[in-house]
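Work through the exercises below with the sequence and the structure open. Each task is followed by a solution in steps.

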Amino acid sequence: MADKVLMKGNEALAEAAILAGCRHYFGYPITPQTEVAEYMAKKMPKIGGVFLQAESEIAAINMVIGAAAAGKRVMTSSSSPGVALKSEGLSYLAGCDLPALIVNVQRGGPGLGGIQPGQADYFHATRGAGHGDFHMIVTAPATVQEMIDLVGKSFDLADKYRMPAMLLADGTIGQMMEPVTLTENTSAPIEKPWAVTGYDGSRPRNVVNSLFIQPEDLENLVMERYARYAKIEAEEQMAEEYMTEDADIILVAYGVAARVCRNAIKAAREKGLKVGLIRPITLWPFPKKVMSAAAEKAKAFISVELSMGQMIEDIELAIRCRRPVLLCNRTGGMIPTPAEVLAKIDEAAKIGG
Amino acid sequence: MAECIDELGIQSKTIGIASVGCSVFSYNYFNCDMVQAAHGRAPAVATGVKRADPSKIVFTYQGDGDLAAIGTAETVHSAARGENITVIFVNNAIYGMTGGQMAPTTLPGQVTQTSPYGRDVQTVGYPVKVCEMLSQVDGAAYLERVAVNNVKNLMAAKKAIKKAFQNQIDGKGFSLVEVLSACPTYWSMTPEKALERVASEMIPYYPLGVYKDKYAEEGTK
């Protein structure tokens with residue numbers, strides 16, 4: 001087993017990307033993710049990789065498109081306002097069927113917002129990352145170790161399904177330090193025969209393109225992409241369950257909010273309330289199966305989030321509104337306290353939990 | 001351009017970046033691997049391709065709206081980085097793909113769909129002179145403005161384009177050739193009249209010539 005080392009979330013994810021074979025990073029500084037760029041600036045030149053600080057987030061994501069089109073494992077990282085700027089490129093990545101990793105270490109919004117942790121980009125990541133019909137694979141780490149594990153996983157899924165993957169972290173996970181184990185990504189590289197590597201007549205000419213003037217052609221392509229998305233929804237849902245077996249009340253939370261929930265659950269259990277946690281690890285595909293199964297027994301759900309009620313919609317959809325879903329939230333860079341979550345648990349218990 | 005690629009024997013390692021505008025379908029016309037970029041972003045996409053494999057020859061083919069309006073930042077900064085790519089910039093002073101609107105390079109007084117009373121520099125400002133602007137950027141290696149309005153100029157244009165590709169082969173850095181071109185359709189002129197206009201109106205405003213040749217300059221010192 002590899003030794004444990006103490007690492008900051010942002011640096012851990014950068015190292016994890018390198019271990020996963022990523023040798024191309026294009027980014028732009030923004031709090032609270034700048035350490036990713038700084039780490040890459042230090043490391044990449046020493047291992048024959050490419051670190052490039054772009055003139056803008058827009059340029060960075062388009063450089064990612066170029067390197068992805070050339071068949072490389074490539075990533076960019078940013079935080080909320082910067083990720084919004086990347087939206088154009090996210091849509092093009094999807095429209096060109098290009099794999100890439102995009103990290104969003106979220107902060108409070110809208111606008112310039114704040115620099116404290118946030119989760120208000122949930123809708124952007126899972127529904128509206130850009131124009132047109134498309135999805136990204138979206139994962140959400142709750143520990144620094146998971147930051148590492150999900151980086152490798154995201155690269156693999158992006159390559160497998162030829163689509164962008166987003167790691168949706170928050171400022172807390174990005175900035176905190178925890179002991180972690182770094183392991184080499186051992187998955188076999190996936191062939192990319194579609195990449196632009198030079199046409200010498202030995203294969204058809206490769207064109208990476210998202211423009212289709214005939215509506216029938218475009219519709220067919222989007223339909224094919226959605227068939228792929230359906231397969232992902234069936235096979236790639238990930239969630240962690242904590243004390244859900246006997247739970248009357250299910251908390252649903254991801255990232256830093258899930259850590260707060262664990263403390264609240266301990267306090268609730270001491271009071272005799274049967275409370276558990278479902279922690280989505282994939283936000284798209286949303287872990288509907290585990291959510292729906294839990295709704296068979298549980299009497300109420302609580303969405304605990306650092307946003308004004310975004311993930312709550314996916315919970316309601318997943319359980320088809322069979323149970324009441326309450327909202328426990330803070331926003332603008334504030335994090336709910338265990339006491340606030342406990343108060344919401346008490347409220348849920350009164351209405352039938 | 002295609003002739004230059006053939007003559008230099010670089011087809012099998014050339015990757016082209018198509019842009020948005022009349023140039024959008026260039027991925028159908030060049031017999032090499034191509035990437036179709038978002039509007040204005042071709043130099044950034046080219047940067048990604050080139051950095052992914054510096055042994056490839058990477059060019060962009062962009063119009064005036066793409067390069068000198070929405071993609072100004074990508075143009076200036078790829079030049080500033082001395083990115084080892086070849087940029088072919090077709091300036092016909094109008095947006096053709098969308099049907100004849102005012103471009104950043106539309107001449108003062110020129111009538112377009114969005115300057116129906118002629119470009120009024122007091123309200124919408126002056127045309128952007130790309131070669132002059134980039135000549136102030138240290139990272140740019142080679143900048144030349146050519147025209148394709150007659151056979152003599154066409155031959156000179158080919159020579160400049162070939163040099164812009166040769167520079168990349170030699171690792172000399174950012175090379176851009178601005179090609180003054182006619183748009184008879186949206187200038188509402190016959191092709192012949194349109195070519196005359198390139199000579200009578202465009203070239204006086206956008207003088208032809210080499211605006212920067214970093215290595216030639218160094219060589220003469």
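**Exercise 1. A sheet in chain A**

In this predicted model, chain A holds an open sheet of 5 strands in the order β10-β12-β11-β14-β15, with mixed pairing. Task: find which strands are the edge strands, then place the helices that pack on the sheet.

Solution.
1. The edges are β10 (239-242) and β15 (325-329) of chain A, each of which pairs on one side only.
2. Direction ignored, neighbouring strands of this sheet are turned against each other by 20 degrees on average.
3. Strand β11 (residues 249-252) of chain A runs parallel to strand β14 (residues 300-305) of chain A, and 4 bridges join them. Within this pair, I250(A) stands opposite F301(A) of β14(A).
4. Helix α10 (residues 256-270) of chain A packs on the sheet and touches β10, β11, β12 (275-280) and β14 of chain A. Its direction makes about 170 degrees with that of β12(A).
5. Helix α12 (residues 311-318) of chain A also packs on the sheet, touching β11, β12, β14 and β15 of chain A. The angle between the directions of α12(A) and β14(A) is about 155 degrees.

**Exercise 2. The surroundings of A294(A)**

Task: decide whether A294(A) counts as buried or exposed, and list what A294(A) touches.

Solution.
1. A294(A) lies in helix α11 (residues 288-297) of chain A.
2. Its relative accessibility is 12%. The limit for buried is under 20%, so A294(A) counts as buried.
3. Leaving out residues up to four places away in sequence, A294(A) touches I250(A), I278(A) and F301(A). Of these, I250(A) and F301(A) are the residues that stand opposite each other in Exercise 1.
4. T244(A) is 50 residues away from A294(A) along the chain, yet their C-alpha atoms are separated by 7.7 Å.

**Exercise 3. The faces of helix α9(A)**

Task: check the span of helix α9 (residues 215-235) of chain A and show why its buried residues line one face.

Solution.
1. With 21 residues at 1.5 Å a residue, α9(A) should span 30 Å; the end C-alpha atoms are 30 Å apart, which agrees.
2. The buried residues of α9(A) are V222(A), R225(A), Y229(A) and I232(A).
3. Viewed down the axis of α9(A), these residues fall within an arc of 60 degrees, so they line one face of the helix.
4. An α-helix has 3.6 residues a turn, so residues three or four places apart point the same way.
5. M223(A) and E224(A), on the other side of α9(A), are exposed.
6. The cover over the buried residues includes α5 (87-95), β6 (137-139), α7 (144-161) and β13 (282-284) of chain A.

**Exercise 4. Cysteines**

Task: count the disulfides over all chains and explain the result for C321(A).

Solution.
1. A disulfide needs two cysteine sulfur atoms within 2.5 Å.
2. The closest cysteine sulfur to that of C321(A) belongs to C328(A) and is 19 Å away, too far for a bond.
3. C22(B) is in no disulfide either, as the nearest cysteine sulfur, that of C183(B), is 6.1 Å away.
4. The count over all chains is 0 disulfides.
5. C321(A) is exposed, with a relative accessible area of 56%, and C22(B) counts as exposed at 54% relative accessibility.

Note on methods:
Residues are numbered from 1 along each chain as its sequence is written. Chains are lettered from A and ligands numbered from 1 in the order in which they are written. This is a predicted model: local features need pLDDT of at least 70, side-chain atom pairs count only at pLDDT 80 or more; totals for chains, interfaces and linings use all residues. Side-chain values use heavy atoms; hydrogens and water are left out. Buried means under 20% relative accessible area, exposed over 50%, partly exposed in between (1.4 Å probe, protein chains only). Helices (H or I, at least four residues) and strands (E, at least two) are DSSP runs, numbered from the N terminus. The expected span of a helix is 1.5 Å times one less than its number of residues. The arc is that of the directions from the helix axis to the C-beta atoms. Contact means heavy atoms within 4.5 Å. Two strands pair if DSSP finds at least two bridges between them. Axes are lines fitted to C-alpha atoms, for helices over the stretch in contact, and angles run from 0 to 180 degrees between N-to-C directions.
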